[in-house]
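Begin with the nonpolar residues and then turn to the aromatic rings.

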Amino acid sequence: MLTRLLALGVVMGVAGWWLLASDSGTPSEVAGGRAEPGATSRMPQPVEPGSARLPVTPDPHPVEPGPARLAVTPAADDSQAGPGSTAASTATTTAAAAAASPSALLLPVQGITAAQLQDTFTDARSEGRVHDAIDILAAEGTPVLAVADGTVEKLFDSERGGLTVYQFEPSGKYCYYYAHLQRYADGLAEKKTIKRGEVIGYVGHTGNASPDAPHLHFEIHRLGPEKQWWKGESLNPYPVLRGTQALP
């Protein structure tokens with residue numbers, strides 16, 4: 001009997017110990033692993049696909065959607081005015097008119113200014129003649145320039161004028177006459193088209209000019225309907241070359 005009681009006590013003791021142990025807590029299984037006793041179990045919070053983002057620094061100069069454009073620096077003055085502006089239109093019109101007008105003549109001797117010209121148009125000459133021209137003094141060999149666009153009508157070597165050039169302007173209304181040349185420019189020929197400012201010869205003293213005073217004898221003729229290079233109405237070049245009077 002005693003033996004049975006002892007065995008029953010042992011069994012009851014073991015059962016009581018087991019019950020006490022099971023009440024003290026059981027390990028938690030988290031995500032397929034084993035947690036330490038007493039550890040707080042936290043399931044990871046679900047994340048929606050695509051919700052994870054890196055921090056983004058705001059653009060200091062946001063650009064609205066649309067075509068990309070390079071920055072344009074505005075014009076600094078009226079000289080950069082666009083087409084249609086009053087300043088640009090006026091300047092263009094003035095320049096075009098000056099270039100097209102036969103009265104916008106270039107001074108025919110290189111390096112000579114309008115202030116250096118002298119009006120010798122009405123000066124008396126031998127045999128009761130009037131000069132009908134102006135003389136432009138310059139060093140021998142100074143380039144002589146075409147006063148306007150036109151055509152070489154005649155190259156002529158005369159007793160009084162020496163080596164001369166007769167130039168017709170495009171409309172055929174005026175003839176420009178250059179005399180006492182030292183020589184012609186290379187390649188100059190009759191019927192050759194020449195441009196305003198082109199070198200056509202060089203200052204000299206051929207003809208009846210004094211070797212001590214080389215100069216260009218320059219005349220302007222208004223041609224008649226027959227368009228003869230040796231015949232026309234003489235016009236005073238002085239006010240035209242100074243810019244104080246237009247060709248009539």
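In this predicted model, the largest nonpolar core has 32 residues. Leu-105, Val-165, Tyr-176, Tyr-178 and Ile-220 are those with the most contacts inside this core. At least two core residues come from each of β3 (134-137), β5 (150-158), β7, β9 (199-203), β10 and α3 (237-241). Strand β7 gives the largest share, five residues.

Apart from its neighbours within four places in sequence, Leu-105 is in contact with Val-147, Ala-148, Tyr-176, Arg-196, Ile-220, Val-240, Leu-241 and Leu-247. There is also a second, separate core of seven residues, which includes Tyr-166, Phe-168, Leu-223 and Trp-229.

Next come the aromatic rings. The structure holds six aromatic pairs. One of them joins Tyr-176 and Phe-218, with 6.5 Å centre to centre and 20 degrees between the planes; this pair is stacked. Tyr-176 belongs to strand β7 (residues 174-184) and Phe-218 to strand β10 (residues 215-222), so the pair ties together parts that are 42 residues apart in sequence. Tyr-176 is buried, at a relative accessible area of 0%, and Phe-218 is buried with a relative accessibility of 0%.

Another pair is formed by Trp-229 and Trp-230: the ring centres are 5.4 Å apart and the planes stand at 80 degrees, so this pair is edge-to-face. Trp-229 is buried, with a relative accessible area of 18%, whereas Trp-230 is exposed, at 54%. Both belong to one aromatic cluster, together with Phe-156, Tyr-166 and Tyr-177.

Methods. Residues are numbered from 1 along each chain as its sequence is written. This is a predicted model: local features need pLDDT of at least 70, side-chain atom pairs count only at pLDDT 80 or more; totals for chains, interfaces and linings use all residues. Side-chain values use heavy atoms; hydrogens and water are left out. Rings of Phe, Tyr and Trp (its six-membered ring) pair if their centres lie within 6.5 Å; planes under 30 degrees apart count as stacked, over 60 as edge-to-face and the rest as tilted. Helices (H or I, at least four residues) and strands (E, at least two) are DSSP runs, numbered from the N terminus. Buried means under 20% relative accessible area, exposed over 50%, partly exposed in between (1.4 Å probe, protein chains only). A nonpolar core is a set of buried Ala, Val, Leu, Ile, Met, Phe, Trp, Tyr and Cys residues joined through side-chain atoms within 4.5 Å. Contact means heavy atoms within 4.5 Å.
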